[in-house]
Amino acid sequence: MESMKILPSGAGCIPHLNAVILGESLATEENDFVLPSEEFASQANVQSPEQYLKMYKRSIEDPAGFWSDIASEFYWKQKWGDQVCNENFDVRKGNINIEWFKGGITNICYNCLDRNVEAGLGDKVANYLKDIGVKKGDAVIIYLPMLMELPITMLACARIGAVHSVVFAGFSSESLSQRIIDCKPKVVITCNAVKRGSKVIYLKDIVDTAINDSTQNGDVIPQYPTTCPVEWLDAEDPLFLLYTSGSTGKPKGVVHTTGGYMVYTATTFKYAFDYKPSDIYWCTADCGWITGHSYVTYGPILNGATVVLYEGAPNYPDAGRSWNIVDKYKVSIFYTAPTLVRSLMRDGDEHVTRYSRKSLRVLGSVGEPINPSAWRWFYNVIGDSRCPISDTWWQTETGGFMITPLPGAWPQKPGSATCPFFGVQPVIVDENGIEIEGECSGYLCVKSSWPGAFRTLYGDHERYETTYFKPFAGYYFSGDGCSRDKDGYYWLTGRVDDVINVSGHRIGTAEVESALVSHPKCAEAAVVGVEHEVKGQSIYAFVTLVGGVPYSEELRKDLVLTVRKQIGAFAAPDKIHWAPGLPKTRSGKIMRRILRKIASRQLDELGDTSTLAEPNVVNQLIELADS
Ligand code: PRX
């Protein structure tokens, strides 16, 4: 790693990256770092900090040149206009507007399939959709488990210009119905049933309940021809919307467009996983979440990658299942969430070590911060201390990786997502929105747009601006807390808003609260996240009952069931804490800070409770904590 100590010329223009070049600090604290092997680095797409820095510098100083060179590798029916990027990122200067490759005409499905393979996949479903009148711009809801048909349907929609909206098949009929009402799809695509572990879940029945209609879908697919012409789209035409949770009640329909998303997911995939055509790639995410869009479907397929798609649970029928699949299909890139790593870690090394795993080359982590001990187990046991881990920080909104290691390019630090991807300018601001330099902690924001950025919230551009661009004017606000160390490495510390991250799933506290209060016996509810050994966070609900209703185990179960029914099993609270009252300020605002401390039993850290309208409720809550 001698070469890392050489400071490349021109590096000084990117202040927060100077440290990444790893001058003296690396030499003195080498123990903090996990270095890629010479063997790995010498074959990597980006092989050194210097090479990264050169590319990064260009991506910031000349984004138009940098991204148009990459975009030119794709098929465009017509090239974009003079401006590669057109953006207003500052609410003080008018409405937020982000456009990339405007005027360029392309099709992402064409680039995924026709460009990469001789025989097209996806065409069968596309012809069915066309036959029933689905056209460019129409919404299509996809409510399917991780069958091959799921990414195929996504590609089919993209091919004909329909806007897909995948709803995770773990969502309840009520959540599905909420999304149907919001985006008014022309069609909902589902299947009869799916097996999850040993349990059968009847998806079609759930859809029927959601649309209150039992129209017979049947198996309509085989009668259609196997080719389908491509609908050419403007780079800024919408590709999909995906609902995600925010700090207020209603889920937000995040809108991604065609051209920039295509270029960005393909490029991030290639570099963050050091992708080579010989790789076999497996990502355990479900297409119902953004990871399944960008890194099960579009990013890998745009690269022509061989993708393993797995329908079942990664630890069923036993904890060795994942490594059995890795060995069977010779998986070389394995991308998963820390929650799975932690749960497998608990099950013991023997489930791992009885498989060879020698095909593995690169590991990836996403969805929540990975704690250093889980990182080390992933690295040492799963990866036999030879596979770099790409801890990728990003969001539904960002479309693709924002802060991620480039394996082979620089040393890693267990638990840090390391440094920004090309074209991404992260900044850390204080509570007044002032940018802080160097080693610091604060709110993670981004300074200018990147091609994969979301363009709006479906039907609500105002909410888009208010949620993301108004908290700190001039920046995109991620909702995450973050610190940067002396080497310029970023450490994500979790959400700073009322969003809980359970097993890498984003859940708004307000959504769970509104499900709870819909129960006739619940008067008020306040939900917080508490640390959980495997899930990262778990849901902890304080519930105040309607006057006179007694506490009972049966009611507790019924409240949990209400949440399962309204949102989905993954959002069910682990704990219902009976609350005669909730700690509120005199203006009526619930003091969640205090609830979080009670929930995690950090009772000596409650802080000042004297400003509460009724300070005594805190003692009552503590008394009822374990009842
Ligand atoms: O808090 C961050 C966390 O997940 C949030 C985004 O959730 P979602 O939109 O559902 O997308 C998940 C898949 C990208 C972020 O605001 N998060 C995601 N990746 C990481 C992470 N936190 C720390 N480290 C990560 N690698």
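Biologist: How far is an oxygen atom of the ligand from an N or O atom in the side chain of Asp 480?

Modeller: This is a predicted model, in which local features need pLDDT of at least 70, side-chain atom pairs count only at pLDDT 80 or more, and totals for chains, interfaces and linings use all residues. Residues are numbered from 1 along each chain as its sequence is written, and side-chain values use heavy atoms, with hydrogens and water left out. A polar contact is a pair of N or O atoms within 3.5 Å; within protein, one must be able to donate a hydrogen and the other to accept it, and residues adjacent in sequence count only if both atoms are side-chain atoms. For Asp 480 and the ligand oxygen, the distance is 2.7 Å.

Biologist: How much of the area that the ligand exposes when taken alone does the protein bury?

Modeller: Areas come from the Shrake-Rupley method with a 1.4 Å probe; for residues, only the protein chains shown count as cover. Alone, the ligand exposes 530 Å², and the share of it buried by the protein is 96%.

Biologist: Which side chain has a polar atom 2.5 Å from an oxygen atom of the ligand?

Modeller: Two further side chains are worth a look here. In Asp 391, a side-chain N or O atom is 2.7 Å from a nitrogen atom of the ligand. The 2.5 Å distance to a ligand oxygen belongs to Thr 396.

Biologist: How many charged residues does the shell around the ligand have?

Modeller: The ligand is surrounded by 17 residues (a heavy atom within 4 Å), and Arg 495 and Arg 506 are among the closest. Ala, Val, Leu, Ile, Met, Phe, Trp, Tyr, Cys and Pro count as nonpolar, Asp, Glu, Lys and Arg as charged, and the others, Gly among them, as polar. By that scheme six shell residues are nonpolar and six polar, while the charged ones number five.

Biologist: Which helix supplies at least two residues of the shell around the ligand?

Modeller: Helices (H or I, at least four residues) and strands (E, at least two) are DSSP runs, numbered from the N terminus. Strands β16 (389-392) and β22 (490-495) each give at least two shell residues, and so does helix α11 (290-302).

Biologist: What is the phi of Lys 330?

Modeller: Lys 330 sits in the loop between α12 and β14 (333-336). Although Lys 330 is not a glycine, its phi is positive, at about 55 degrees.

Biologist: Where does pLDDT stay under 50, with 59 contacts beyond four places in sequence?

Modeller: pLDDT is the predictor's confidence in each residue, from 0 to 100, and a contact means heavy atoms within 4.5 Å. The chain averages 90, and 92% of the residues score at least 70. One stretch under 50 is residues 213-218, with five such contacts. The stretch with 59 is residues 1-31.

Biologist: What ipTM does the predictor give the complex?

Modeller: Two scores come with the complex. The pTM is 0.90, and the ipTM is 0.99.
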